[in-house]
Amino acid sequence: NMARSLIVIDQYNIDWLDRARSVDDGDEWHLLVLRVSELVFMRRFGGQLAQLGNWRTITLAPHALEAHRLVGEFVLSYINELPDQDLAGETLAQGLGKHWWFLPITEKSPFRPPLVSQLYQLSIFHLVLKQSSYDEIWLAASDALLSEAISSAEGLPSLVNAADRPYTVANPFVRYWLHAARAFGGWLIERAMLWMRGWRFDSVLGGLAVLTFFPYWWTQPFSQNAVERFFAVPPDDDADSFYLAWLTHPQEVWRRWRAAAITLRLKRIVPLQSFVGLGDALRIMVMPKTLSFQWRYETRLRRWLKARFLHFDVSNLISEEVSRSLSSSELVFCQLFEAAFSNFSRRVRTRAILYRVEFQPWESAVLLGVGGRAAVAGFYHPPFRLNHLPLRFASGELAAHIRGERGERDRPIPKAMLATGDVAAGHLTDHGYPRGRIAICGPQRHGALIDYLRWRVEY
């Protein structure tokens, strides 16, 4: 009888092809292409795959909506509960306190850490098996943890390991020190640059402080036409207001310092690195409390972390994600950010600090650093909350944080929000943010739209 086999692929590689041809007896082969482009895969290998005879690729689009629902429900619920999970008598919340919110895993992003992407791949695999039956499943995925999770499911047909991938895990302590050294080196370069180029802090600055990243969030940052992508208007309209900027791309800023200095002066940009002292930077590099907890997690606690998604054991997927977060550059950067805002809010009296809200880890660092010494308002602009996990929360989660029900576990949330219209405001109130703390403002980049409509050429 003709057999039907499913080949799970997540890379541009067909090293498994010769092995498949050797057992091909007119069998039916279905290719499940995950993580990489099916179109590019077919363009590269379509001619060679013809050697299999009876084969086809599985279209993912019909499964996308249900996969999104399954992953969303699991991630929102599990990440909310994860810091309180008992790991042999200790929890992540106890070990990290509010710095739990500095970890990339808390963002739930499908773009940066691999966890959400891996869960999407598992859900697609699950839905494909619900739709069709197979005699064999060939695992040709490069992600060993993903293959391990697939293999953990009960009731699967015969599994064939068709990938040549020695399983290696980067040492988390080496990874942490590399990130810490890079962050410290970047801060040192920027502080030295500001000192050598004669930048001086203007202690009379006040009014509204608008947070930005320079030159990352700017168009034409090294010209007199420099414009901030999110907040182009307030500092120009209010003589007492200014931009509070974390300098990015230090090599580029150093190389083009003369032009950068003109932009800093014209746009009233205050570099945040100038508020991080040498003692702060050295303390953050060492981080005795965090490193002590990281050691306990890697040597004892991570093996106790448990998680099931659908019928897969994803404990190792998530424990590895926590490990990556504990040794990530984000954790180091957020503590530098926290120190900068702590020192800034002690030295400068501002009317308010305004920053864009996307619920990323560095936003928690802003609020923890300020510590109530200044008013902080968030600018909530995303229009796509239902399709973007970082902007969604478990039932009652955001409201509980706002009410302060979880003590050290409470996520820092700004006490006031600007929202770009009723739809954005509705996203916040649906999760329990008080409507009385939200002010409706105009659309993002409204001025640029008006200029476009005014000067566009009609054809």
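## Cavities, salt bridges and a patch

Mentor: Let's start inside: the count comes to three cavities of 30 Å³ or more. This is a predicted model, where local features need pLDDT of at least 70 and side-chain atom pairs count only at pLDDT 80 or more, while totals for chains, interfaces and linings use all residues. Residues are numbered from 1 along each chain as its sequence is written, and side-chain values use heavy atoms, with hydrogens and water left out.

Trainee: What makes a space a cavity?

Mentor: On a 1 Å grid over the protein atoms alone, a cavity is a set of points where a 1.4 Å probe fits but cannot get out. Its volume is the space filled by probe spheres set on those points, which are joined across faces, edges and corners. For the largest cavity, that space is about 60 Å³.

Trainee: Which residues line the largest cavity?

Mentor: Among them are Val75, Ile79, Lys108, Ser109 and Glu321. A lining residue has an atom within 4 Å of a point. Helices α3 (61-81) and α5 (115-131) each supply at least two residues of this lining. Helices here are DSSP runs of H or I with at least four residues, strands are runs of E with at least two, and both are numbered from the N terminus. The protein chain has 18 helices and 16 strands.

Trainee: Why is Asp10 called buried?

Mentor: Buried means under 20% relative accessible area, exposed means over 50%, and partly exposed lies in between (1.4 Å probe, protein chains only). Asp10 has 1% relative accessibility, so Asp10 counts as buried. Arg35, at 54%, is therefore exposed. Of the 459 residues of the protein chain, 54% count as buried.

Trainee: What makes Asp10 and Arg35 a salt bridge?

Mentor: A salt bridge needs a side-chain nitrogen of Lys or Arg within 4 Å of a carboxyl oxygen of Asp or Glu. Asp10 and Arg35 meet at 3.8 Å, N to O, so the pair passes that limit. Asp10 lies in the loop between β1 (4-9) and α1 (17-23), and Arg35 in the loop between β2 (28-33) and α2 (38-49), so the bridge ties together parts 25 residues apart in sequence. The count comes to 16 salt bridges.

Trainee: Why is Met196 called exposed?

Mentor: Met196 has 54% relative accessibility, so Met196 counts as exposed. Met196 also belongs to a nonpolar surface patch of about 470 Å², together with Ile189, Trp195 and Trp254.

Trainee: And what makes a nonpolar patch?

Mentor: Its residues have over 30% relative accessible area and no salt bridge, and nonpolar side chains (Val, Leu, Ile, Met, Phe, Trp, Tyr) are joined within 5 Å. The areas come from the Shrake-Rupley method with a 1.4 Å probe. Helix α7 (residues 172-196) gives the most to this patch, with three residues, and Met196 is found in that helix.

How values were computed. Patch = residues over 30% accessible without salt bridge, like charges linked within 9 Å, V, L, I, M, F, W, Y side chains within 5 Å. 1 Å grid on protein atoms, 1.4 Å probe; cavity = no way out; pocket = protein on both sides within 12 Å on 5 of 7 lines; lining within 4 Å.
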